[in-house]
Amino acid sequence: MTRNTGQRSATAAEQPQHEVVVIGAGIGGICAGVKLQEIGIENFLIIDRVGGLGGTWYTHSYPDAGCDIPSTTYQFSFARKPDWDRFFAKRDQILEYLEQVAGDYDLPRRMRFHTAVMREEWDDDNALWRLHLESGEPITARFVISAVGAYINPKTRPNIPGLDSYTGVSMHPAEWNHDYDFTGKRVGIVGVGASTMQIAPELAQQAQHLDIYQRTPQVYLPKPDFVLRPWMQRFLALPGGSALVNGVAQGVIDSLLRVAVFTPPPVWKAAARGVDALGRNAYRGWVRYKVRDKQTREHLRPDFGIVCIRGGAGGDYLPTLNRDNVELITAGIAEITPNGIRGVDGVEREIDALVLATGYEVFSDPESYQPGTVIGRNGFDLGKFYNTEELKAYYSTAVAGIPNRFIMVGPYSWTGTAFHYFVENAMRHIAVVIDETRRRGAVAVEVRPEAQERFHQDMLRSGRNLSYYLETRCEGSNTYFVNSQGKSPYIRPWSLWKTYRKAIRFDREDYSYRTADPADQTSGLRGYSNSNTI
């Protein structure tokens, strides 16, 4: 292992195998590959731990998997698709779209699958990253881009007493068992989030009985799904047609963000109470319309802020609770037994199959960043930093102390209507920084600590209204908008226009650049900050 001393060797520097390695071959990785080619980089590698491209849409093949936002917004700006089958696209067509985009930009030959990175280590002597793989093989790169997404690892083994004793069939939505036949079986689903609202209606039609275990009520919105008619597809195919439809959606989101950011705090606090009251009353009416049983309706009504949780287009989920073979259980789980689930009410319900729809490690959770997995300059440990300090990164992409490494989905990155929007925006910034580094003939670039802190303080000031709402009005919601530190580094509290503009209009001197002088390999620290203070 190379000793990370921060001093340059007097011998010739080792050259990396790749100029850029992108970790993750999902939406972010595909976007990165496209944008790297736009700045003239061809020697890059996209790696992924699973067996194919597509990220979430490769791994999540559970029944009725699909997008819960309109498909007209769920696409890259540089690869618009006018011929979606439905207004809310299904998983197979989304994966097909991603495969087509990757093919159009010649990315598959630059991809490598079944490649899991266990540790990333900066070699300061040679100004490159060493990626240590699960296979034991090392990969070296000048730059690393983390494109692992927002929902990083599925929680396949949640902390539920007795889980290891269960003897039946068990699966997570990210690891669906297609060989198992649910017909006539007794099934238990733990969790009531986005996956369950798609899975439960399908399983209810097959299973003898379906128990749904709910810890926290969610918000299930109407899903106006329909087949896109030929005339609609023709309109979307017109020059600017798809962009216009997406622009309308972006305009709505932008307006809401502006209200959240620019409303005076006293007015915001008073208005938040009113909006919550109106929202909860409206949702009660919606639930009353969709669910027949009064007791079940009571369990479905949140008593916290109405927008504390993301919510989702619930489609057929609420009507599924009307079925005679479906039971919503809210008493809580005491333990998993060898043959079923025992609730805190003492009742054991036997099951043949267990679906653990128990969520994911999210990019805004400090626990998602394990100490010892990303080691930067002078031993700076990203996991230790994020688990002891607040999550922060300059423009949500770069962390002081970690040269030549960028995050596509970092703190305060979420903005726009869909994932594509903000990964494109992140990659616009990353591409500019890498291009500037190459233009200067530098081998390393690192955000300055003072620039990172300035951006972070801007997020705290601009996001004071959002923080108030999420951190004070969402008690009991178990929302992933608030992390274990009690902070909400999730949403970018800027207008969409400001986010788009500032991605590339920033002071290039907010970064320091290290130039390698071939005449003197020991003098390469020029312009490089020597402090790891954040």
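Q: On a 1 Å grid over the protein atoms alone, a cavity is a set of points where a 1.4 Å probe fits but cannot get out; how much space lies in the largest cavity of this structure?
A: About 110 Å³ lies in the largest cavity, a volume being the space filled by probe spheres set on grid points that are joined across faces, edges and corners. The model is predicted, so local features need pLDDT of at least 70 and side-chain atom pairs pLDDT 80 or more, while totals for chains, interfaces and linings use all residues. Residues are numbered from 1 along each chain as its sequence is written, and side-chain values use heavy atoms, without hydrogens and water.

Q: What makes a residue part of the lining of the largest cavity, and which residues lie nearest its centre?
A: A lining residue has an atom within 4 Å of a point, and 13 residues line the largest cavity, with Tyr395, Asn425, Ala426, Arg492 and Thr499 nearest its centre. Helix H11 supplies the largest share of this lining, 4 residues.

Q: Which residues line the second largest cavity?
A: Tyr412, Met459, Gly463, Leu466, Ser467, Leu470, Ser488, Tyr490, Ile491 and Pro493 line the second largest cavity, whose volume is about 70 Å³. Helix H13 (residues 464-472) gives the most to this lining, with 3 residues.

Q: How do you know that the lining of the second largest cavity has no charged residues?
A: Asp, Glu, Lys and Arg count as charged, Ala, Val, Leu, Ile, Met, Phe, Trp, Tyr, Cys and Pro as nonpolar, and the others, Gly among them, as polar. By these classes the lining of the second largest cavity divides into 7 nonpolar, 3 polar and no charged residues, whereas the lining of the largest cavity has 5 nonpolar, 7 polar and 1 charged.

Q: Why are H1 and H11 called oblique to each other?
A: The axes of helix H1 (residues 27-38) and helix H11 (residues 419-439) come within 9 Å and cross at roughly 40°. Angles under 35 degrees count as roughly parallel, over 145 as roughly antiparallel, 65 to 115 as roughly perpendicular and the rest as oblique, and therefore H1 and H11 are oblique to each other.

Q: Which residues of H1 meet residues of H11?
A: With contact meaning heavy atoms within 4.5 Å, Ile27, Gly28, Cys31, Ala32, Lys35 and Leu36 in H1 meet Phe419, His420, Val423, Glu424, Met427 and Ile434 in H11. Sorted by class, this contact of H1 with H11 has 8 nonpolar, 2 polar and 2 charged residues.

Definitions and conventions: Axes fitted to C-alpha atoms, helices over the stretch in contact; angles between N-to-C directions. Helix = DSSP H or I, 4+ residues; strand = E, 2+ residues; numbered from the N terminus. 1 Å grid on protein atoms, 1.4 Å probe; cavity = no way out; pocket = protein on both sides within 12 Å on 5 of 7 lines; lining within 4 Å.
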